[in-house]
Amino acid sequence: MQANIVLLPGDGIGPEVVAEAVRALEAVAAKFGHTFSFTERLMGGCSIDQFGTSLTEETLADCQAADAVLLGAVGGPKWDDPAAKDRPERGLLALRKGLGVFANLRPVKVHPALIDCSPLKPEKVRGVDILVIRELTGGLYFGWPKGREVKDGRERAVDTLEYYDYEIRRILELAFKMATGRKKKVTSVDKANVLESSRLWRQIAIETGKKYPEITLEHVLVDTASMRLITGPAWMDVIVTENMFGDILTDEASVLAGSMGMLPSASLGERGPGLYEPIHGSAPDIAGKGIANPIGTILSAAMLLRYSLGLEVEAAALEQAVEQAISDGCRTADLGGSLTTRQMTDEILRRMRDAENPAPIH
Ligand code: IPM
Ligand code: MG
């Protein structure tokens, strides 16, 4: 297979971890006989510095024309001025919207060897295997009206939580489909006791659930869901929720895995390239030191192989190598170890090259 992948390393530790994920993809290509070509572009704070905008039209067009997009992280103190015209985060939101990637898949799986890295009691986190599906192109992030004004001599700011029925339906359909291949349980998270948009969400969740009688559907209010993620995460399987709730709950859920540096994500639309990024941020405090955990980005590359290129065997080979390296005690600083970003990748890739994987089926 031949694939074109656009790289958006971004800011902070983004370039360091994306470089390692590229090495991982190159190792996969060599082992399984594929050709991946990479095109690097600026997005986020680095793009503001270079072009005066966080996402140029050319970069968006290049991403739209690619088979997949791999992103590091955006943002940092340098671009944090609240009065600034543009922000690194705006580029990321414009990219998500421009690619139409409405479904953000954030798997949270606790590796048995990392149970002690979590601040929660071991018996709470053992066996956790959750897939959070976050709606990514609607809700408060994009609703209209939005903005600031002076009204009756007072400053006023507005954001709008808006959802159309089709936006809710397509993300719930995906959640039920994903649950079919898992533990057959969907937890739909809303705030239907207060929000009108949540009442529409819940109504559509119930309608969609009727098409999947083999799947158990439960509705949990977002405040309760945030508590359940700490008190009983092992009981949850697929969680589906709107954009803002998903943003908050996935940071919370990431703590279960021992380090945010472990977690990947995939953002998918109905068609076109997927967008893959680790869920950690740009971590300016450790940028440039070569100590960031590359696993979140390497696992994002595995999701890219699976969802954008249909290379399931290759994706699993990379994931197994990560699991094996962790089982063998390989640790970066965030996990209490001393391996550098590059050394951690070396450990993973050596295990992948040495493993006897089944021949790819294509
Ligand atoms: C995330 C991040 C982004 C979001 C920011 C950087 C805009 O927090 O991907 O979770 O809020 O979606
Ligand atoms: Mg977030």
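## Basis of the contacts

A polar contact is a pair of N or O atoms within 3.5 Å. In this predicted model, an oxygen atom of ligand 1 lies 2.9 Å from an N or O atom in the side chain of R106, so this pair falls under that definition.

## Polar contacts of ligand 1

Two further side chains approach the ligand through polar atoms. For Y141, the distance between a side-chain N or O atom and an oxygen atom of ligand 1 is 2.6 Å. For D247, a polar side-chain atom is found 2.9 Å from an oxygen atom of the ligand. Of the 320 Å² of accessible area that ligand 1 has on its own, the protein covers 76%.

## Surroundings of the ligand

Which residues surround ligand 1? They are E89, R96, R106, R134, Y141 and D247. By class, this shell comprises five charged residues and one nonpolar residue, with no polar residue.

## Overall fold and dimensions

The protein contains twelve helices and twelve strands. Its radius of gyration is 20 Å, close to the 21 Å given by the globule rule for 362 residues, and the protein is therefore as compact as a globular protein of that length.

Taken along the principal axes, the box filled by the C-alpha atoms is roughly 65 × 50 × 40 Å.

Notes:
Residues are numbered from 1 along each chain as its sequence is written. Chains are lettered from A and ligands numbered from 1 in the order in which they are written. This is a predicted model: local features need pLDDT of at least 70, side-chain atom pairs count only at pLDDT 80 or more; totals for chains, interfaces and linings use all residues. Side-chain values use heavy atoms; hydrogens and water are left out. A residue is near a molecule or strand if one of its heavy atoms lies within 4 Å of it. A polar contact is a pair of N or O atoms within 3.5 Å; within protein, one must be able to donate a hydrogen and the other to accept it, and residues adjacent in sequence count only if both atoms are side-chain atoms. Accessible areas come from the Shrake-Rupley method with a 1.4 Å probe; for residues, only the protein chains shown count as cover. Ala, Val, Leu, Ile, Met, Phe, Trp, Tyr, Cys and Pro count as nonpolar, Asp, Glu, Lys and Arg as charged, and the others, Gly among them, as polar. Helices (H or I, at least four residues) and strands (E, at least two) are DSSP runs, numbered from the N terminus. The radius of gyration is taken over C-alpha atoms; the globule rule is 2.2 Å times the number of residues to the power 0.38.
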